[in-house]
Amino acid sequence: MPKFVSSRLFWIGLVTVIVALVLPTYVSGYVLGLLTVAYYTAVFAMSWDLLFGFAGEVNFGPTFLIGVGAYTAGILDAHFSPGLSIWLCIAAGALAAVVGGVVLALPALRVSGPYFGLTTLVAVLMLQNFIVVAAGLTGGEIGLAVPDVISIDAKTNYWIALGFMLVSGAILFGLSRSAIGLILQASGQDKIQAGALGFNVTKHKLAAFVVSAFFSGLAGALMVFYMGTASVSTFVDVGVGVQIIIAAVLGGRRTVIGAAIGAIFLIGMGELLRPLGELATLIVSVIALVVILFFPDGFLGMIRGGAKA
């Protein structure tokens, strides 16, 4: 712990948190709303980084877990409201994501490399088809209207999203630096050698998948009750998953905190360049490509100047 406190990574994180804490005093409700979405996206990216950055498993379908959590919470609220509280729906969404993660992980972890990635990608496509087919339950292509929201106050939503991101980031970062995180890194680099050392590689990767599923589903459920609607384009679409993956890699793989930085950067730049129309997507994509190609450690690696956290 003393080593971490004295590291550059700690001070970068501390300054970022301080800035986030004072922002509501100086920015508009619109900006707070944008940052609220960015913070939930940051949790998506951090959860993905735990599985890929540390366990070495390429998950092409992060939106499967997000979508299960979001739609479960949204469906319960839409069809059983006012019988169920929002927080019970959110808890159910997180639990459903964990169950879905286990169901997906058990067969997926039997394969590795691109086959694992393809398995998770197929899961996303299956979820998309289910949402369209079961339109009476899910709202289909139009989307599911959620009658309740956590709050209509921009500052309240901002504080909830910020607090959730900070707590999630602290837990995921602590997990990545624990013995479990070291075992995941070892198995991600050479699972045969890790197994030879007596580590149960499959069990630890399953645990990482479950943790990733929990935070992804919980973030998805919370975001549903912020936006007041659930749709494929917002939570499940493959393009959303690609954005999450790019955010994690762009910010810095195997850092957790870097994934949050990458997510906030992508959301912020996308909004800043919105007046440019389709050109905005091209500019952000070029920036991401340059960073990934020439700075493999991402933004956080650039900021740290190669210093170890």
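**One valine and its surroundings**

Modeller: Val211 is found in helix H11 (residues 201-227); helices (H or I, at least four residues) and strands (E, at least two) are DSSP runs, numbered from the N terminus. This is a predicted model, in which local features need pLDDT of at least 70 and side-chain atom pairs count only at pLDDT 80 or more, while totals for chains, interfaces and linings use all residues. Residues are numbered from 1 along each chain as its sequence is written, and side-chain values use heavy atoms, with hydrogens and water left out.

Val211 counts as partly exposed, at 23% relative accessibility. On this scale buried means under 20% relative accessible area, exposed over 50%, and partly exposed in between (1.4 Å probe, protein chains only). Leaving aside neighbours within four places in sequence, Val211 is in contact (heavy atoms within 4.5 Å) with Leu50, Leu172 and Leu175. The C-alpha atom of Val211 is also 7.8 Å from that of Val98, although the two are 113 residues apart along the chain.

The largest nonpolar core has 80 residues, and Tyr39, Met46, Phe64, Tyr71, Phe235 and Val236 have the most contacts inside it. Helix H3 (residues 29-54) gives the most to this core, with 14 residues. Such a core is a set of buried Ala, Val, Leu, Ile, Met, Phe, Trp, Tyr and Cys residues joined through side-chain atoms within 4.5 Å. Phe64 touches Gly100, Leu104, Ala123, Val124 and Leu127, not counting residues up to four places away in sequence.

Rings of Phe, Tyr and Trp (its six-membered ring) pair if their centres lie within 6.5 Å; planes under 30 degrees apart count as stacked, over 60 as edge-to-face and the rest as tilted. By this rule there are six aromatic pairs. The pair of Tyr40 and Phe164 is tilted, because the ring centres are 6.2 Å apart and the planes stand at 50°. Tyr40 lies in helix H3 and Phe164 in helix H8 (residues 154-176), so this pair ties together parts that are 124 residues apart in sequence. Tyr40 is buried, with a relative accessible area of 1%, and Phe164 is buried at 11%. In another pair, the rings of Tyr158 and Trp159 have centres 5.5 Å apart and planes at 75°, so they are edge-to-face. Tyr158 counts as buried at 0% relative accessibility, whereas Trp159 is partly exposed at 39%. Tyr39, Tyr158 and Trp159 form one aromatic cluster.

As for charged contacts, a search of the whole structure finds one salt bridge, that is, a side-chain nitrogen of Lys or Arg within 4 Å of a carboxyl oxygen of Asp or Glu. Arg274 and Glu271 form it (2.9 Å, N to O). Arg274 counts as exposed at 55% relative accessibility, while Glu271 counts as buried at 16%.

Finally, the whole chain. The secondary structure comes to 16 helices and two strands. Along its principal axes the C-alpha trace spans about 50 × 45 × 40 Å. Of the 309 residues, 47% count as buried. Among contacts between residues at least 6 apart in sequence, 78% join residues at least 24 apart.
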